[in-house]
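Have the sequence and the model open side by side. The paragraphs below go through the fold one part after another.

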Amino acid sequence: MDERRTGSSFTFNEAAHNWLRRSIGGAPRRFDIVQMKGSTSSSVFLVTCTRDSTPQRFVLRVLDNREWLADEPDLAA
């Protein structure tokens, strides 16, 4: 499985990349993923890609703060 790293210690593997492709409704060749600053309950990433020669940007929030999730298990809902 191809693992791709961002500027942080968080890893986006091939399954995560496939989910991103399905979620944005297209098939970009590659993603540039950079962790953004300032989040508390989760990690937030800027995702950039090109689809149909059009640059696109998305923000991806990953609920990965275990302490916060233990206090608020319905956070994702």
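Start at Ser42, which lies in the loop between β3 (32-35) and β4; helices (H or I, at least four residues) and strands (E, at least two) are DSSP runs, numbered from the N terminus. Ser42 is buried, at a relative accessible area of 6%. Here buried stands for under 20% relative accessible area, exposed for over 50% and partly exposed for what lies in between, with a 1.4 Å probe and protein chains only. The side chain of Ser42 makes a polar contact of 2.9 Å with the side chain of Arg61. A polar contact is a pair of N or O atoms within 3.5 Å; within protein, one must be able to donate a hydrogen and the other to accept it, and residues adjacent in sequence count only if both atoms are side-chain atoms. Leaving aside residues up to four places away in sequence, Ser42 touches Arg61, Val62, Leu63, Asp64 and Asn65, where contact means heavy atoms within 4.5 Å. Arg66 belongs to helix α2 (residues 66-71). Ser42 is buried, whereas Arg66 is exposed, with a relative accessible area of 74%.

This is a predicted model, in which local features need pLDDT of at least 70 and side-chain atom pairs count only at pLDDT 80 or more, while totals for chains, interfaces and linings use all residues. Residues are numbered from 1 along each chain as its sequence is written, and side-chain values use heavy atoms, with hydrogens and water left out.

Now take the chain as a whole. The protein chain has two helices and five strands, in the order β-β-α-β-β-β-α from the N terminus. It has 77 residues, of which 25% count as buried. Among its contacts with a separation of 6 or more, 21% join residues 24 or more positions apart.

Which residues make up the largest nonpolar core? There are 10 residues in it: Phe12, Leu20, Ile24, Phe31, Ile33, Phe45, Val47, Cys49, Leu60 and Val62. Such a core is a set of buried Ala, Val, Leu, Ile, Met, Phe, Trp, Tyr and Cys residues joined through side-chain atoms within 4.5 Å. At least two of the core residues come from each of α1 (14-24), β4 (43-51) and β5 (54-62). The most come from β4, which gives three. Leu20 touches Phe31, Ile33 and Leu60, not counting residues up to four places away in sequence.

Helix α1 can be followed from its start. There, a side-chain oxygen of Asn13 comes to within 3.1 Å of the backbone nitrogen of Ala15. The buried residues of α1 are His17, Leu20, Arg21 and Ile24. They lie on the same side of α1, because they cover an arc of only 100° around the axis, taken from the directions from the helix axis to the C-beta atoms. An α-helix has 3.6 residues a turn, so residues three or four places apart point the same way. Just after α1, Gly25 has a positive phi of about 75°.

The structure has one salt bridge, defined as a side-chain nitrogen of Lys or Arg within 4 Å of a carboxyl oxygen of Asp or Glu. The partners are Arg21 and Glu14, whose side chains meet at 3.7 Å, N to O. Side chains of opposite charge can pair when their charged atoms come close. Arg21 counts as buried at 15% relative accessibility, while Glu14 is partly exposed at 22%. Arg21 and Cys49 are 28 residues apart in sequence, and their C-alpha atoms are 10.0 Å apart in space.
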